[in-house]
Amino acid sequence: MSIPPATTVAGGNWREITVKTFKNLAITSSLMMSIGQVLAQGQGDGVVTLGGEIIDSACGLELSSVDQTIEMPPEPIGRLLRNTLGAPHPFQLRLVNCSLTRPDPNRPGATLPDWEHLRVTFDGAPDRDGRSFAATGLSQGVAFHIWDSTGQESVPGERMAPHPLNEGDMTLNYTLRLVGNGLQLLPGAHSAAVRFRLEYF
């Protein structure tokens, strides 16, 4: 994926690049209720859309990471009640052509100190006292929660722990799950909008 030209912002040391094609993670899901041995499936699907912004250009974003769809089978309400968590659904951010070299935009041919770390921030409407991402729609009692591969939880609008930045390609692995938000669970469709931002330093 080609990255659009950077525009210099105040201070001169940072450039901001906005990816014109936003990363979209569409997650199809629904809740179903178990009554005895009879399952009554909730109507509709749920969709989570992930949009992205890259700060400076240490890495590119692989085209397959720009638009993704994760099919989530119906989530039984009984399982959410028992486990407090829905089934895990993985997704990835694939970074390509990462370079630790950091050109100085104010001095052609000169460089700034090398990039060393990458930090990801997911942001969206919060739920569960700001700990998860709010789900909207016909279902009730659920929110979306994101973990990274180390088990660190993503809090809406807060930077996650930094990753060491490597030359070449990198894959960041995450898991999305439904969690209860304390309200009565009702079946139906749900959706959420989540943005991510990548920062290099």
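1. Aromatic pairs first: there are four in this predicted model, counting rings of Phe, Tyr and Trp (its six-membered ring) whose centres lie within 6.5 Å. F91 and F122 make one that is edge-to-face, 6.2 Å centre to centre with 85 degrees between the planes; planes over 60 degrees apart get that label, under 30 is stacked, and the rest are tilted. This pair links distant parts of the chain, with F91 in strand 10 (residues 89–98) and F122 in strand 13 (residues 117–124), 31 residues apart. Strands here are DSSP runs of E, at least two residues, numbered from the N terminus.

2. Both partners count as buried: F91 because its relative accessibility is 2%, F122 because its value is 0%. The cut-off for buried is under 20% relative accessible area, with a 1.4 Å probe and protein chains only.

3. Six strands form an open, antiparallel sheet in the order 7-10-19-17-15-14, where pairing takes at least two DSSP bridges between two strands. Strand 7 (60–61) and strand 14 (126–127) are the edges, each pairing on one side only.

4. Within that sheet, strand 17 (residues 142–148) runs antiparallel to strand 19 (residues 168–180), joined by seven bridges. V142 stands opposite G180 in strand 19.

5. Housekeeping: residues are numbered from 1 along each chain as its sequence is written, and side-chain values use heavy atoms, leaving out hydrogens and water. Local features need pLDDT of at least 70 and side-chain atom pairs count only at 80 or more, while totals for chains, interfaces and linings use all residues.

Notes: Helix = DSSP H or I, 4+ residues; strand = E, 2+ residues; numbered from the N terminus. Buried < 20%, exposed > 50% of the residue type's maximum accessible area, 1.4 Å probe, protein only.
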